Amino acid sequence: MNKCKDQNQNDYFGVALYEREISAEVTGEFILPDYQCEIRRILRVDTQVLPPAKYVSASEVEFSGTVDFHVTYVGSDGELYCTVLSEAYAFSVPIEVGGTENEISVLCGIRSDAVTTRVSAPRKLSIRCRLRPCVRVIGKRHVGAEIMGNEEDNSIFRRMERGVRLDCQSSLSEIVPLSCVLPPLSDDVRIVSADATATVSSATCTQSGVRCQGKVCVKLLCVSDGGEFSTRMKEIPFETENEISLCEASVRAVATVCDMTVNVGDEGVECAMGVVSEVVACVNAEQEYTADAYSSEYECGCITAPIAARRMTVCGGGNATLSERLSLSETTIPADAEIIDVCGKAYMQSCESLAGKYVFSGNADLSLIWRKDGEFGAQELHIPIKYEHSAAEDAAVACFDASVTLDGLRCRIDGENLCVDAELWVSADCMAESRLLAVEALEEGERYPVKRAAALTVCYPDPEDTLWSIAKRYKVSPASVTGEVGADRFVFVE
């Protein structure tokens with residue numbers, strides 16, 4: 001048997017070893033320290049999932065990381081408070097890599113939903129959160145571009161075709177420390193909560209990797225002794241470097257804030273945090289493979305294998321505007337209530353290809369805190385969102401992932417309506433599938449009888465015949481066949 005030989009390690013196609021959105025659960029039991037106010041009623045729990053660390057073995061990929069829970073509650077004194085609690089998460093997915101652990105790319109985006117809480121004591125609570133990891137593992141399927149055997153054997157003929165090879169990598173940057181100082185607070189003002197959101201405005205390939213630039217928006221919710229709420233904000237530019245070996249790749253990037261601390265001093269409010277960026281880089285390249293082969297001297301059968309090759313159709317980012325006007329009658333918010341704070345997250349649930357564009361659809365899940373007559377209330381909102389990204393081709397979606405960051409989220413009451421505005425920063429990728437059939441081996445059989453003399457053969461082809469199919473049928477060199485493909489006959493010399 002003559003098997004296909006890889007010319008080099010670059011003869012491969014990108015194939016999916018695992019593509020699925022799975023479900024994982026995080027639970028935690030927490031006790032607030034004595035210096036924090038007791039819990040009377042929880043208004044909301046906002047989650048932030050930090051990017052996972054990944055460990056690849058021969059049979060599975062393990063993921064681990066941390067979820068931060070921002071718990072906003074009404075204290076025993078009737079005032080508003082917030083505490084940040086953290087819990088580790090871990091999950092794994094089974095894969096079959098066949099000893100090629102160093103030749104796979106693992107992509108994983110995680111969103112959270114279905115957060116439930118239970119307060120069992122004034123300072124004791126439990127939190128349960130469901131995670132929705134979108135896990136994709138892309139491996140390398142090596143293909144033969146040359147038939148092994150006698151290097152002097154000129155009787156073997158091959159029909160070569162070209163497909164698209166996907167090179168894909170992901171990378172986490174080191175944590176970049178950031179800090180800023182906001183103006184001092186009055187003695188009668190305290191900080192209720194502190195949040196920070198990172199957005200990536202540009203991701204550029206360099207000689208050493210991918211440079212991400214963006215901003216971190218710090219937001220402090222404050223309240224005075226008189227019960228007057230105010231918001232203080234500041235933007236900090238950041239830059240990170242991700243190690244990626246692909247040159248001139250299409251990239252998408254998202255950044256996450258971690259380890260935020262706030263200290264109130266005489267000179268101002270000092271905010272310190274870290275930011276980490278996660279990058280996915282993709283490159284499409286042409287790859288030649290043997291689609292068919294035969295011998296003119298002996299019987300041989302082609303052993304072929306189907307390949308579901310992945311190719312990148314979208315990999316990048318952009319932004320869109322969220323502007324929604326809702327009727328207050330559809331909510332529990334009174335018309336004369338005061339909006340204290342709003343936060344939320346957005347995610348994409350589907351993607352489809354329409355007329356050269358890829359349309360991502362999902363939801364923005366918002367959580368509002370309002371106050372009326374000294375009492376606080378909470379309202380959940382679910383607003384449909386869409387984002388369009390142009391593409392070079394109009395191909396069906398095989399898999400996708402998208403991260404959405406809400407920037408500048410604002411909410412106000414206007415008469416009988418609730419107005420919501422924000423900017424959506426979207427980082428997305430899409431992959432399509434090409435079905436290929438490549439030759440893996442030639443099974444050698446009996447030799448043909450020796451030809452004693454040359455003969456002129458005239459063939460009347462079927463409509464679906466080609467020069468290749470005729471040459472293979474009569475076991476001659478394709479170069480010996482003469483005639484036009486569209487003609488009613490071929491002529492060749494044996």
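A residue counts as exposed when its relative accessible area is over 50% and as buried when that area is under 20%, and the close-up views below apply these terms to a predicted model.

**View A. Asp187 and the negative patch on the surface.** With a relative accessibility of 84%, Asp187 lies above the cut-off and is therefore classed as exposed. Asp187 is placed in the loop that runs between β12 (176–182) and β13 (189–205), and it belongs to a surface patch of negative charge in which Asp77, Glu79, Asp188 and Asp225 also gather.

**View B. The stacked pair of Phe63 and Phe91.** The model holds 10 aromatic pairs in total. One of them joins Phe63 and Phe91, whose rings are stacked with a centre-to-centre distance of 4.9 Å and an angle of 20° between the planes. This pair links distant parts of the chain, since Phe63 sits in strand β6 (residues 60–75) and Phe91 in strand β7 (residues 80–94), 28 residues apart. Both Phe63 and Phe91 are buried.

**View C. The stacked pair of Tyr73 and Tyr81.** The ring centres of Tyr73 and Tyr81 are 5.9 Å apart and the ring planes meet at 25°, so this pair is likewise classed as stacked. Tyr73 has a relative accessible area of 1% and is therefore buried, while Tyr81, with a relative accessible area of 18%, is also counted as buried because the limit is 20%.

**View D. The aromatic cluster of Phe63, Tyr89 and Phe91.**

How values were computed: Residues numbered from 1 in each chain as written. Predicted model: local features only at pLDDT ≥ 70, side-chain atom pairs only at ≥ 80, totals over all residues. Heavy atoms only, no water. Patch = residues over 30% accessible without salt bridge, like charges linked within 9 Å, V, L, I, M, F, W, Y side chains within 5 Å. Areas by Shrake-Rupley, 256 points an atom, 1.4 Å probe, with all protein chains shown as cover. Salt bridge = Lys/Arg side-chain N within 4 Å of Asp/Glu carboxyl O. Lys, Arg positive; Asp, Glu negative; His and termini not counted. Charge placed at Lys NZ, Arg CZ, Asp CG, Glu CD. Helix = DSSP H or I, 4+ residues; strand = E, 2+ residues; numbered from the N terminus. Buried < 20%, exposed > 50% of the residue type's maximum accessible area, 1.4 Å probe, protein only. Phe/Tyr/Trp six-rings, centres within 6.5 Å; stacked < 30°, edge-to-face > 60°.
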